[in-house]
Amino acid sequence: MMDIKKNYQSVCNRIKQAEKACQRQGKVELLAVSKTKPIELIEALVAEGQTRFGENYVQEALTKIAQHPELEWHFIGPIQSNKTRPIAENFAWIHSIDRLKVAQRLNDQRPSSMTPINILLEINISQEASKAGFAPNEALTVAQQISQLPNLKLRGLMCIPQLSHDPQQQTKPFEAMQTLFQQLKEQLPEENIDTLSMGMSGDLEAAIAAGSTCVRIGTDLFGARN
Ligand SMILES: *Cc1c(COP(=O)(O)O)cnc(C)c1O
């Protein structure tokens, strides 16, 4: 079971320290990103009290969800428009909505027996050609349209900024996300816009300082992926 318990304590401590440094105690949730990792490691974290897990690959995720339907599963990977149905039917949250068409399909395919699926719009905040996500300047228009879809519940925004190991460089895109998040809240006061998903193993401190409410941590919990 390697050092998973130690890793968990260390990540939780980093989050606590980062919250404290900006007076945001208790504001940040941990999403454990378990892609490519076996169910035993997920179970080891559950034993420590973790209940939210993020997955990127549909088939892999379905196997895990079938074993632990009681956990809260978040889809955070790229979405192919012909594979929306199992996502609509099996997840509580989606962080990676990057096209209006995908949102419409998910809305149509979410079973009416389930509560609306919580969604975040992925923003290509560093405007990289290689990355998915809405451009920052189209986000508010799209959010308006998506907020009309009854089986989706728009909760906020997500980003994966350009990789940088320099904390100062890391801060800029996170602050731009925070600005957009505030604009979104003002634009849709009736919606429960409360989630800003940003920060990973290498930049969670910068993300929390800029107002992240959910950090997505894989490597520093489960070890490196192949
Ligand atoms: C893999 C992944 C993560 C976790 O990244 P780490 O650097 O391993 O913590 C977070 N978010 C998304 C969208 C990912 O695909």
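**Ligand site and cysteines**

The structure holds zero disulfides. C22 is in no disulfide, and the nearest cysteine sulfur, that of C214, is 15 Å away. The model is a predicted one. Its ligand sits in the largest pocket, and 13 residues surround that ligand.

Cysteines

- C214 is likewise in no disulfide; its nearest cysteine sulfur belongs to C159 and is 11 Å away.
- C22 is partly exposed, at a relative accessible area of 23%.
- C214 counts as buried, with 4% relative accessibility.

Ligand surroundings

- Among the residues around the ligand, the closest are K35, N56, S201, G218 and T219.
- By residue class, the shell around the ligand comprises six nonpolar, four polar and three charged residues.

Polar contacts and burial

- T219 places a polar side-chain atom 2.5 Å from an oxygen atom of the ligand.
- The side chain of S201 has an N or O atom 2.6 Å from a ligand oxygen atom.
- A nitrogen atom of the ligand lies 2.8 Å from an N or O atom in the side chain of R216.
- The ligand taken alone exposes 390 Å², of which the protein buries 89%.

How values were computed: Residues numbered from 1 in each chain as written. Predicted model: local features only at pLDDT ≥ 70, side-chain atom pairs only at ≥ 80, totals over all residues. Heavy atoms only, no water. Near = heavy atom within 4 Å. Polar contact = N/O pair within 3.5 Å; in protein donor to acceptor, adjacent residues only side chain to side chain. Areas by Shrake-Rupley, 256 points an atom, 1.4 Å probe, with all protein chains shown as cover. 1 Å grid on protein atoms, 1.4 Å probe; cavity = no way out; pocket = protein on both sides within 12 Å on 5 of 7 lines; lining within 4 Å. Sits in = over half its atoms within 2 Å of the grid points. Nonpolar A, V, L, I, M, F, W, Y, C, P; charged D, E, K, R; others polar. Disulfide = S-S within 2.5 Å. Buried < 20%, exposed > 50% of the residue type's maximum accessible area, 1.4 Å probe, protein only.
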